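Please read the following explanation with the structure open beside it. The text goes through helices, a sheet and a few single residues in turn.

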Amino acid sequence: MADDKVIVECKQKMDKHVKGLEAELAKVRTGRASISMLDAVRVDYYGTMAPLNQIATLATPDPRMITIAPFEKKMIQPIEKAIMIADLGIQPTNDGNVVRLPIPALTEERRKDLVKTIKKNAEDFKVSIRHERRDANELLKKIEKTKEIGEDERKRLEQEVQKITDQYIKTVDEKLAKKEKEIMTL
């Protein structure tokens, strides 16, 4: 039925928005070493821009350090350069074999700025989820006009779309609260 398809598509689109938020939150530095901070770093590997994790082994030996062990020693300089270009606010060092990224502790002011930023991001994702709700409801109204479903069925489906929307908004709030706690704790 077309109406079930509307619900399924709505969930899929909202799911993509939540995954987008997760990706954004993973990029935010919390003062703790996290390999996900390096997901966006691309290294010039023989003329091809390759993800860092495909040319080196990444590890977090302690909460304030990331180590990068390239599969080829001659990749140390390009890795350092790529990290500098990515502008992560971290100064890489190397000993000839391994690149080390010491993660500096965040100041209280910086923590508050980061929380403000992630709250804005979360709100943007909530707005996107609400847009998906609106689109689904408009589609249900069009389906009703074509007489595929009746008014009662449309209202029931709109309530289901609202429940789904509420669930996804709650998920966004939970992920935001978790990241906020992570940022604010030392």
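Helix α3 covers residues 108–145, which is 38 residues. The model is a predicted one, and the values here are computed from it. An α-helix has 3.6 residues a turn, so residues three or four places apart point the same way. After α3 comes lysine 147, and the phi angle of lysine 147 is positive, near 70°.

Helix α3 has a partner in helix α4, which is made of residues 151–184. The two helices pack with their axes 10 Å apart and at an angle of about 170°. Because angles over 145 degrees count as roughly antiparallel, α3 is roughly antiparallel to α4. Which kinds of residues form the contact of α3 with α4? The contact residues divide into 15 nonpolar, 3 polar and 15 charged.

Arginine 110 has a relative accessible area of 40%. Buried means under 20% and exposed means over 50%, so arginine 110 is partly exposed. Arginine 110 can also be compared in position with lysine 175: the two are 65 residues apart in sequence, and their C-alpha atoms are 20 Å apart in space.

The next topic is the sheet. It is an open sheet of 4 strands in the order β3-β4-β6-β5, and the pairing is antiparallel. Strands of a sheet pair through backbone hydrogen bonds, either parallel or antiparallel. Which strands lie at the edges? The edge strands are β3 (56–62) and β5 (93–94), and each of them pairs on one side only. Strand β3 runs antiparallel to strand β4 (residues 65–70), and 5 bridges join the two. Leucine 58 stands opposite isoleucine 68, which is in β4.

Helix α2 (residues 76–86) packs on this sheet. Helix α2 touches β3, β4, β5 and β6 (99–102), and the direction of α2 makes about 25° with that of β6.

The loop between β2 (48–51) and β3 holds asparagine 53. Is asparagine 53 buried, exposed or partly exposed, and what is its relative accessible area? The relative accessible area is 47%, so asparagine 53 is partly exposed. Asparagine 53 and proline 70 are 17 residues apart in sequence, while their C-alpha atoms are 9.1 Å apart in space.

Conventions:
Residues are numbered from 1 along each chain as its sequence is written. This is a predicted model: local features need pLDDT of at least 70, side-chain atom pairs count only at pLDDT 80 or more; totals for chains, interfaces and linings use all residues. Side-chain values use heavy atoms; hydrogens and water are left out. The expected span of a helix is 1.5 Å times one less than its number of residues. Axes are lines fitted to C-alpha atoms, for helices over the stretch in contact, and angles run from 0 to 180 degrees between N-to-C directions. Angles under 35 degrees count as roughly parallel, over 145 as roughly antiparallel, 65 to 115 as roughly perpendicular and the rest as oblique. Ala, Val, Leu, Ile, Met, Phe, Trp, Tyr, Cys and Pro count as nonpolar, Asp, Glu, Lys and Arg as charged, and the others, Gly among them, as polar. Two strands pair if DSSP finds at least two bridges between them. Contact means heavy atoms within 4.5 Å. Buried means under 20% relative accessible area, exposed over 50%, partly exposed in between (1.4 Å probe, protein chains only).
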